[in-house]
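Here are a few exercises to work through with the model open beside you. Try each task before you read its solution.

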Amino acid sequence: MEASYESESESESEAGPGTQRPGTGTVSAAVREHLRKLCLREFPCGAGSWNKSRFLPQTWRTWRELVPREEVVVSPGEETVEALLGLVRSRHSPWALLNNSNAEDSFLRESAIRNPLTITDTFFYSYFRSLRVVDQEVTLVDKDLLKFLKLEELVLSANRIKEVDATNLPPTLKVLELYGNEISSMECLCARPPASLQHLGLGRNKLLGPLESLYVTANHWPNLISLDLGFNDLTDLQSMVTSLRTLRHLRLLVLQGNPLALVPYYRGLAIDSLAQLCVLDDITVSPNEKHLFRGLSLNGDLLAQEAQFVVTIGNIRGVLDTSVLDPEPGPEGPFITYNYYVTYDFVKDEEGEMNESAGVLAEIVKPSPSLELLVEESPEEVVEDVIEDIVEEVTEGVEGSLESEVEESGESELSVISGPSTILQTPRASAEELAKLRLRIDPRLCPSPGTVLFSTAHKPWAEVIPCSYEMQHSLRDLVPLKAFLLAGTTVTIVEEKILSWPVVLPAVDSPLSAKKGKGEKDKKGKEKDRTGKGEKEPAKEWKVPKKKKEPPKELWQDPPILQVLGRGLVILEPLLAGEPLVSTVCNFGVVRTLTSDRLTLARDSKKIKKVAKKEKPKAVIPIYEGDYHPEPLTVEVQIQLNQCRSAEEALRMFAV
């Protein structure tokens with residue numbers, strides 16, 4: 001027989017978050033509170049005016065007559081046993097059990113109707129073999145538990161227990177579950193643990209440190225068959241399997257969710273070290289696995305303790321072509337270019353452990369250069385003088401080719417002009433005005449604390465933008481890695497807009513140009529003298545081929561304007577729970593419009609006609625509003641946790 005006490009009742013949940021629950025505190029207090037809610041001594045249970053004819057005063061009856069008699073005819077105002085049982089069994093009755101009640105609660109209430117005089121404290125302490133006190137804000141395992149003489153199973157999950165005094169645990173216990181508490185060490189359980197314990201569940205606690213392996217030996221748990229330490233912060237795999245090897249009866253083990261389970265050879269080393277193990281992390285250990293990892297435990301000390309992940313980013317689809325919405329650039333600019341890339345955050349790699357595959361672009365995002373660098377590197381006076389000279393030349397209508405200006409001005413002046421084109425529009429720029437032009441970084445483009453932002457290569461717009469990105473991350477600090485996997489990574493699609501402007505330099509008079517003008521004047525005088533009439537000889541006509549207008553070769557680029565097109569969280573907890581791969585398509589919704597797609601279609605049709613002059617151009621299907629179903633903005637993301645498949649592979653890749 002057993003009784004269970006799970007979660008809170010409906011009346012407690014309606015009381016509000018600020019109401020303190022009566023069962024808060026000790027285990028025995030939670031048990032008493034649950035029994036009180038069952039109303040075992042109140043109508044229709046227990047003894048009272050509703051069944052008094054069944055029970056005579058004890059002074060009038062012998063002990064054999066204490067058993068209640070069911071009368072065929074009851075007195076007026078009393079109820080039969082069947083009628084009372086119907087009140088607690090009917091779901092529509094106000095005395096029905098709550099929805100979260102179980103079979104044991106129903107048995108106790110019916111027993112309190114049939115034999116109410118037997119429901120005493122002595123009965124409870126000898127009746128219960130299983131206690132389930134779940135989510136009752138319990139903080140202390142008190143000594144009143146020792147009164148339960150036949151208790152074999154104790155479940156105290158989802159409470160706030162930080163330590164357990166093992167001397168308060170009944171010696172008859174065979175199953176002890178403490179999932180979801182705040183226990184930071186198993187040392188408290190090893191003072192005087194129940195010798196007959198067969199299952200110990202300590203998953204989702206706060207076990208941390210290499211010393212925890214000292215408390216999972218046969219000296220403390222000689223009969224342990226099943227052990228669950230999942231989702232803690234255990235990191236030392238070598239020490240853990242060495243201690244677990246002493247548990248000769250251990251057949252079921254759960255270690256997934258711990259940082260130590262992230263190393264690629266975790267499963268192989270555990271299987272080879274624990275030959276008697278049947279189930280590891282809820283997966284049956286097969287004979288083939290034992291064969292593939294045979295001998296790995298002999299070289300376990302030589303294996304590097306690190307986790308490896310491979311991040312792959314595929315195609316981007318559904319991007320809005322913003323360039324069709326921009327006006328055509330004039331001769332003075334701006335010339336606008338767009339690029340697109342994907343960023344994600346990840347735990348910082350160990351130094352020297354970041355590897356790149358051949359032909360794969362991967363870079364850590366760094367802040368783009370802004371006007372702040374200009375102000376810091378160039379004195380304010382120099383910047384203002386250059387701006388003033390440029391504005392004066394522009395207003396005087398000085399024109400010339402970019403090549404001649406570069407030759408005449410020299411490289412020294414080009415290095416000075418390093419500010420954005422916005423400066424050219426103002427005759428005088430103060431330090432305050434320059435500061436306003438500094439690049440403001442969107443906080444969504446910054447990594448979260450403890451992580452680094454990684455980026456794919458910048459690609460121009462296309463219907464399908466192939467990122468072709470792959471990056472391997474190797475990490476040795478496993479505890480922050482676990483926290484990162486629980487939080488997930490944020491994937492962002494970014495549009496980069498860059499405005500480019502021609503570099504316009506003021507004309508500078510030089511001795512070389514003066515000599516050149518004088519020489520041309522002398523040459524004209526000589527030509528006049530040759531004719532004698534003051535007329536120069538007719539010059540030979542040379543046909544100069546017309547040069548095509550080329551775009552400026554030297555352009556100054558403004559700091560990039562970054563816009564977040566889509567941003568979402570990728571859940572990585574399955575990797576912590578034993579899954580080797582997380583593959584998803586991040587969907588950020590539709591960002592394209594009917595107008596932009598029509599403009600893109602018109603532009604592309606013009607390109608097709610220009611390219612295919614001799615061939616018959618392909619028919620362009622117009623876009624109608626009724627049939628318009630734009631593709632959403634998506635990006636393919638895949639994150640894989642590397643796992644070794646054999647002892648040979650583990651030794652080849654991770655042997656120190």
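## Exercise 1: Salt bridges across the sequence

The structure holds 12 salt bridges, a salt bridge being a side-chain nitrogen of Lys or Arg within 4 Å of a carboxyl oxygen of Asp or Glu. We're working with a predicted model, where local features need pLDDT of at least 70, side-chain atom pairs count only at pLDDT 80 or more, and totals for chains, interfaces and linings use all residues. Residues are numbered from 1 along each chain as its sequence is written, and side-chain values use heavy atoms, with hydrogens and water left out.

**Task.** Find the salt-bridge partners of Arg129, Lys482 and Glu463, and say where each pair sits.

**Solution.** 

Step 1. Arg129 pairs with Glu152, with 4.0 Å between the closest N and O atoms. Arg129 is in the loop between α5 (121-127) and β3 (130-134), and Glu152 is in the loop between β4 (138-140) and β5 (153-155), so the pair ties together parts 23 residues apart in sequence. Helices (H or I, at least four residues) and strands (E, at least two) are DSSP runs, numbered from the N terminus. Arg129 is partly exposed at 35% relative accessibility, and Glu152 is partly exposed at 30%. For these labels, buried means under 20% relative accessible area, exposed over 50%, and partly exposed in between (1.4 Å probe, protein chains only).

Step 2. Lys482 meets Asp233, the closest N and O atoms being 3.0 Å apart. Lys482 belongs to helix α14 (residues 478-487) and Asp233 to the loop between β8 and α6 (237-244), so this pair links parts that are 249 residues apart in sequence. Both Lys482 and Asp233 are buried.

Step 3. Glu463 pairs with Arg592 at 3.5 Å, N to O. Glu463 lies in the loop between β15 (451-455) and β16 (464-475), while Arg592 lies in the loop between β20 and α17 (594-611), so the parts tied together are 129 residues apart in sequence. Glu463 is partly exposed at 40% relative accessibility, whereas Arg592, at 14%, is buried.

## Exercise 2: Cysteines and strands

**Task.** How many disulfides does the structure hold, and which strands does β21 bridge to?

**Solution.** 

Step 1. There are zero disulfides, taking one as a pair of cysteine sulfur atoms within 2.5 Å. For Cys39, the nearest cysteine sulfur is that of Cys45, 7.7 Å away. Cys39 is partly exposed, with a relative accessible area of 24%, while Cys45 is buried at 0%.

Step 2. Strand β21 (residues 634-641) runs antiparallel to β12 (residues 307-317), with seven bridges joining them; two strands pair if DSSP finds at least two bridges between them. Within this pairing, Val310 has Gln640 as its bridge partner.

Step 3. Strand β20 (residues 581-587) also joins β21 through seven bridges, again antiparallel. There, Val585 stands opposite Glu636.
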